[in-house]
Amino acid sequence: MRKVKKDLVVIGGGPAGLAAAKTAYDDGIKDVMILERDFELGGILPQCIHNGFGLHHFKEELTGPEYAQRFINDVEERDIEVKLDTMVLDVTKERKVYAMNKKEGFLEIEAKAVVLAMGCRERTSGAIGIPGTRPAGVLTAGTAQRYTNIEGFVPGKEVVILGSGDIGLIMARRMKLEGADVKAVCELLPYTGGLTRNVVQCLEDYDIPLMLNHTVTAIKGEGRLEAVEISEVDENLKPIPETAKTIKADTLLLSVGLIPENELSKKADVVLDDRTGGPIVNEGRETNIEGIFACGNVLHVHDLVDWVTEESQIAGKHAAKYIKDNYEKTGRCAEVKAGKNVSYVIPQKIELEAGDRKRIPLYMRVSTPLTAVDINLYADGEKLYSFSEPFAKPGEMISVPLAQKTLDDLGNLDEIKVDIIEKEGN
Amino acid sequence: MNKKYDVIIIGAGISGCAVAWKLARYNLDILLLEKEADVATGTTKANTAIIHAGYNADPDKLKGHLNVKGNQGIREVAKKLNIPYEEIGSLVVGLEDDNLSVIDELYEKGLKNNVPNMEIVGKEWLREHEPNISPKAVKALWAPTAGVITPWEAALAMAQNAVANGAEVKLETAVEDVMTEDGKVVGVKTNQGDFEADYVVNAAGLYADEIAKMVGIEKINITPRKGEYYIYDHAKDFAVNHVVFPVPTPISKGIVVTPTVENNLLIGPTSHNVKSKTDLATTREGLKEVYEGAKKLYPSLDLRDTIRVFAGLRAADDSEDFVIEAAENVKGFVNVAGIQSPGLASSTAIADYTAEILADEGLKLSEKKDYIETREEPVRFYEMTNKERAKMVDQNKDYGQIICRCETVSYKEIVDAINSPVGARTVNAVKRRTRAGAGRCQGGFCGPRVVDIIAQELGIDPTEVKQEEGNSQILEYKIKELLGSKVMDNA
Amino acid sequence: MIETKTLTCVACPKGCEVTVEYEGNEIIEIKGNACPQGQSYAEEEIVAPTRILPTTIKVKNGALALCPVKTTKQIPLENMFEAMEIIGNKVIEAPISMGDVFIENILDTGADIVATRDMPAEIK
């Protein structure tokens, strides 16, 4: 076992890990190591060959590989150590990281700080218990994307997609363009989970039907998929048996949710939030375990990579502060609570000295689609201020800035709450 | 067709593999035939994985005679062949409103079957040893000799040991007819040619009746009886310490809640006859029955952390017993049919019994001199500590590349699984041997990598790699093929 | 026949809901846009929608089998499948640099097909 000491270890070389590493480096932490399980950096971005990345961060519209390349260049221009084809097997709360690769064998890395940036895994058909058989041809949309865009294979040519989140929509277009017949995208809920531009550019452009209030109720086929049965669902999302109909298909793609991949976090005794599936963090993205930070999709599922970058810069900055022993907790902790119509808010705690920060961006998701809304912030029950938005959709993350000046004026604070309410007269 | 075998065994499920394993200790030429691309792809891969203690089997049936013997036998063979096995004991738990006298009846039956060390236990014992069980649980039959095993690994280990001792295994070889001459078996016709033998053992599981009909035996009739299951990610916050049964009713043994030897939580099975021997579909109603049954025993169970649903088919003969006997109308043909529960537990006893029947039929059993008793323990990273893993990777760098993140499976384990005797040829075969793809992401991450490794090792195109059955290719088209692309791939 | 369509403008992240009244290819009225980009977007969407085409191209002797590519500007939606066929019939030799032009002026649209990543040659 090779033993190494590092100032900062970043687990995951996707957009989150890359931004955190770069920021920490620029803030003075030169001894940084990124551990990446794949053969190249970029995380999920190299397979996201479509555009729509960077509109906020770079004010340009880039494809996934182009967005990744900017941050890969940043890391390569700096003296940041990168280990590819390296799988992390364990993380302890004392910040010892155990990893393995072919070149060096087994590594024990003792870190002053760790940034968790492992991303997500996809929810599977078995996990949602779709009845029927278990033939070849049923795969998650992300895995299909890897096959199509990296490995060079098209899984099948008669496709049904379950789930209208962005991955499902993007793969609908991708399969169609590569010559498949995409017969339908089924969505359990009465509204789509993806960005509106994707519904337009992936489904409407190609006359692919979007079947809201529908789900797959059976998978048919013995060796290879032969057909799927889809049914309409009622207000309680239960299938209505009389509406069942069979669609001939050799491929079923599932886009039924992303799950932050926190098995390593749990090994380090990091406490998770039930609502996000990721760690509970303070505004510096530090978890309950000293010196262990989290950012990106492992913390909560983001819709745009631009927010991942912003969040990871915060994590990198604070990891650097922590290492330099320049990291002060105020000794008071304000809990950030999700109020009416809000699924979750990140960060869940505010407890650090302000330093030079001007604001704390609060990231949140509305729990149901609403129009003409007020986003209200409360401090210990008193309304602080409101923002108006023409609409709020669960598929689109909302970022609300909490000004530092406001926090300063409030002094001791127990709770910040956010709710999203439709305006009167709607 | 040149070689003449002493014994041909039809079907490489747990029964066929156990018979092959048993006979391989004798100076015999043995051929084990399997129609699918791997051993244990039928009932053996889709059951509750229990080594029953033996109190449930009818003492007047063959099942009753062979279960307890098999329970002892499997313990020994698990050690010798390094098959994952844990003797965690089983409980038949009675809730307040159940007919609790059934528990006493099972106890009596167990005594008749010579099941050792059973006890009737009460509320306190249950509270202490099964803390998550329903507060309504008042009485239970405790049988410490029950256990859990990896059933496909048991079959594979026995097949591999048989091969190490000179037996042959032919996969993807389906028997189309059994040939007889003058009232004697002379061999079989298959889709891969004809094979001669003096003795044929019919261990064809769901298709044992169809094989028996080939020699004019009509009495065996196999009805597929479906059982549905949920399997969970590794038992974490929810501890179940034993194999837990409800009180059985006349129609059903009930929904079991059990940890598996790989540390997943398994609930099921239902029990319903179906028409088709290939109907392996789970159903909404069946899964509901599983969940509700499990919840009765463990009220705090929910469906979060389930990773897979599946179904298996029991090969139920009309007699509801094992049919292990020499054919009366033709010499040299032995049926090992109707092997449903407790077939897995009884497998070594079934093998012994079958060997005796063959000897009675005239097969000479003379023990081999250089018989290999053991199988080397396969490398299983998922079970190892970090220290042990570090040692392995120092010996061979190919252990250093982890392919399956969820179950921690290395590149070398997968390559070895493909290249070992009775090697893996499909994605599911790799999964059964190594655990790659059996975890919480169900192959989402490792799938493309496993397909690539199989293609490389077998020298085939990734579009030829199958999941399990004949037509189950994972990938149908190369990129751009559907666009009518005329450019050739570089190799 | 006068028709009305509501579009979500994708010119900037604001995503204004723009309503267009039109008859055939003739625009009658455009409402809801916060800026002139919204107006041109809406006009184009009705009369002749265009899109960026992101896809992949086959690579010979590269570290990977495929290189992601895109059109350098939006091309008519009706050209998508023909463009896919043309791109599908080409193979590019590695090494590749981001921005390398693989096909010039595809289908006379004024758009090139360019690489969106670097790719070294395969290490044998």
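Two residues count as being in contact here if their C-beta atoms, placed from the backbone, lie within 7 Å. With that in hand, the A–B interface takes 44 residues from chain A and 47 residues from chain B. The model is predicted, so local features need pLDDT of at least 70 and side-chain atom pairs count only at pLDDT 80 or more, while totals for chains, interfaces and linings use all residues. Residues are numbered from 1 along each chain as its sequence is written, with chains lettered from A and ligands numbered from 1 in the order in which they are written. As for scores, the model comes out at ipTM 0.95 and pTM 0.95. Chain C averages a pLDDT (the predictor's confidence in each residue, from 0 to 100) of 91, and 98% of the residues score at least 70.

Helices (H or I, at least four residues) and strands (E, at least two) are DSSP runs, numbered from the N terminus. On the side of chain A that touches chain B, the elements giving two or more residues are β6 (87-91), β7 (96-101), β8 (105-116), β9 (120-122), α3 (125-128), α4 (141-151) and β11 (153-154) of chain A. The largest share, six residues, comes from α4(A). By type, that side of chain A splits into 15 nonpolar, 15 polar and 14 charged residues, where Ala, Val, Leu, Ile, Met, Phe, Trp, Tyr, Cys and Pro count as nonpolar, Asp, Glu, Lys and Arg as charged, and the others, Gly among them, as polar.

Strand pairing also crosses between the two chains. Two strands pair if DSSP finds at least two bridges between them, and β11(A) does this with β23 (residues 477-478) of chain B, antiparallel and over two bridges. There, F153(A) has K478(B) as its bridge partner.

Helix α9 (residues 386-395) of chain B has R389(B), A390(B), M392(B) and V393(B) as its buried residues; buried means that 20 or more other C-beta atoms lie within 10 Å of a residue's own, exposed means 12 or fewer, and partly exposed is in between, with C-beta atoms placed from the backbone. Seen down the axis of α9(B), these buried residues fall within an arc of 165°, so they line one face of the helix. The arc is that of the directions from the helix axis to the C-beta atoms. They pack against β7 and β8 of chain A, whereas K387(B) and Q395(B) are exposed on the other side of α9(B).

Within chain B, the domain assignment (bounds come from an automatic or database assignment) gives domain 1 (1-84 + 147-233 + 274-377) and domain 2 (382-481). Their C-alpha centres lie 26 Å apart, and 16 residues of domain 1 of chain B are in contact with 14 residues of domain 2 of chain B. On the domain 1 side, α5 (151-164) and β18 (306-317) of chain B each give two or more residues, and α5(B) gives the most, with six. That side divides into nine nonpolar, two polar and five charged residues.

Chain B also holds an open, antiparallel sheet of three strands in the order β3-β8-β4. Here β3 (50-51) and β4 (85-86) of chain B stand at the edges with a single partner strand each, so one side of each is left without a neighbour in the sheet. β4(B) pairs with β8 (residues 147-149) of chain B over two bridges, and Y85(B) stands opposite I149(B).
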